[in-house]
Amino acid sequence: MSTQKPHALTMIPGPIEFDDRVLEAMAHPAEAHTAAPFLKTFSSVLKMTRQLFLSTDPNSQAFIVAGSGSLGWDMVASNLLEHGENALVLNTGYFSAAFADCLTAYGAKVDQLSAPVGDRPTLEQIEQALKQKNYKVITITHVDTSTGVLSDIRAISELVHRVSPDTLVIVDGVCSVASEVIRFDEWGLDFVLTGSQKAIGAPPGLSITYASGRALKVVASRKTPVPTYFASLPRWLPIMQAYEAGKPAYFATPPVQNIYALHEALSQFATSTESVETRFKVHEQVSNKVKDVVASYGLKTVAVSRDKSAHGLTCVYLPEGVANTDLLPSMLKKNIVIAGGIHKEIAPKYFRIGHMGVSATRPELGHIDTVLNALKQSLSECGYNA
Ligand SMILES: *Cc1c(COP(=O)(O)O)cnc(C)c1O
């Protein structure tokens, strides 16, 4: 039996459903951010974050800071770029474009390489773009949560290292870390940013980023000071190094209870390479099931093909004659929350189902069957017989 209060089953692409113990960890009593048990916990969280990224390179560093996923965009924009430098943004939807907006806000010169909705730029297009200019960074939205499109960060990173080796490879992994395969060292990534509330399955409130030694060198050798205070990696670096070593340090108060909750979440899957790999496989299996069932209802996904589809959510076009304004309330009456569309070109035409974290890894909870059966019934109530 769950210890959670009755609530609507939340099957959106984050925040996701919680494991009981993760939520209970949020009720940790008052504790100084310099107290020994907290130091031990934070140290362990930073080490498990390395495991989560399948990284063993001692020159890389995890940063865990109060904030949401978006704070990672500010960190990239203000630390890895200097005013007027070039950034290439691969645009696969709303979140890619928002990342570009953030880079522009700090004075980067941004070029966006877009694909038709549901698709992604080809490697040939990316290669051509990289040969046009000196790009300080390339940004890839691993899973754009507005389209459910998965980018091939491994192939793109390999291409960047071949044709533009000084360009830093930046990954927005807010909707992919802990549900999609990421091999940070092996794939030569430089910076991955995420948040606590999507596939990691902890409450919202933490910006989690992981930087390569190469990225940290770029920050250390800037010509101009980092134009931010709270998002400054040089300010956070000694703090994270101290915490990882189990020593107290202060720049800004860490959210103690959120760190306890993240510790519990990571303890459930980021303790060994095997358990991380298993988590990736399970998300793939559950995703295939959801996509097969949705297809059996006669519906099409926004992502143009299965190999370009994310494994933590599914974006689905509504059938002719059914609107989100009818479908979502009908689902809510069954005590289930799914998400509407947010990509501006197609927003009213599709909906999104999240299937990350415990909803994917604990079949005994029945979340996947519950949402798929309710969807069939709600579609029927809206006049479409699946
Ligand atoms: C949710 C999301 C963000 C923004 O994260 P917040 O935690 O809402 O700030 C950024 N990028 C992607 C791909 C996302 O899914």
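In this note, a residue is called buried when its relative accessible area is under 20%, exposed when that area is over 50%, and partly exposed in between (1.4 Å probe, protein chains only). Helices (H or I, at least four residues) and strands (E, at least two) are DSSP runs, numbered from the N terminus.

Welcome to the structure; here is how to read what follows. This is a predicted model, in which local features need pLDDT of at least 70, side-chain atom pairs count only at pLDDT 80 or more, and totals for chains, interfaces and linings use all residues. Residues are numbered from 1 along each chain as its sequence is written, and side-chain values use heavy atoms, with hydrogens and water left out.

1. Let us start with the overall build. The chain holds 13 helices and 14 strands. Its radius of gyration (taken over C-alpha atoms) is 21 Å, close to the 21 Å that the globule rule gives for 386 residues, so the chain is as compact as a globular protein of that length. That rule is 2.2 Å times the number of residues to the power 0.38. The C-alpha trace spans about 60 × 55 × 35 Å along its principal axes.

2. Next, the inside and the surface. Of the 386 residues in the chain, 58% are buried. The chain exposes about 15,700 Å², and carbon and sulfur atoms supply 54% of that area; accessible areas come from the Shrake-Rupley method with a 1.4 Å probe, and for residues only the protein chains shown count as cover.

3. Helix 3 deserves a look. In this helix (residues 71-80), 9 of the 10 residues are buried, so helix 3 is largely enclosed by the rest of the structure. The buried residues are L71, G72, W73, M75, V76, A77, S78, N79 and L80.

4. From there, move to F99, which sits in helix 4 (residues 94-105). F99 is buried, with a relative accessible area of 0%. Leaving aside residues up to four places away in sequence, F99 touches W73, V76, T139, I170, D172 and L193.

5. Now the cysteines. A disulfide here is a pair of cysteine sulfur atoms within 2.5 Å, and the count by this rule comes to 0. C102 is in no disulfide, and the nearest cysteine sulfur, that of C175, is 18 Å away. For C315, the closest cysteine sulfur is also in C175, at 8.5 Å, too far for a bond. C102 counts as buried at 10% relative accessibility, and C315 counts as buried at 2%.

6. Finally, some backbone details to check by eye. Most residues other than glycine have a negative phi, and most peptide bonds are trans. A cis peptide bond joins G14 and P15, with omega about 0 degrees; P15 is in the loop between strand 1 (9-10) and helix 1 (20-25). L54, in the loop between helix 2 (36-52) and strand 2 (61-66), has a positive phi near 50 degrees and counts as buried at 18% relative accessibility. A178 has a positive phi near 85 degrees. A178 lies in the loop between strand 8 (168-172) and strand 9 (191-195) and is buried, with a relative accessible area of 1%.

Notes. Contact means heavy atoms within 4.5 Å.
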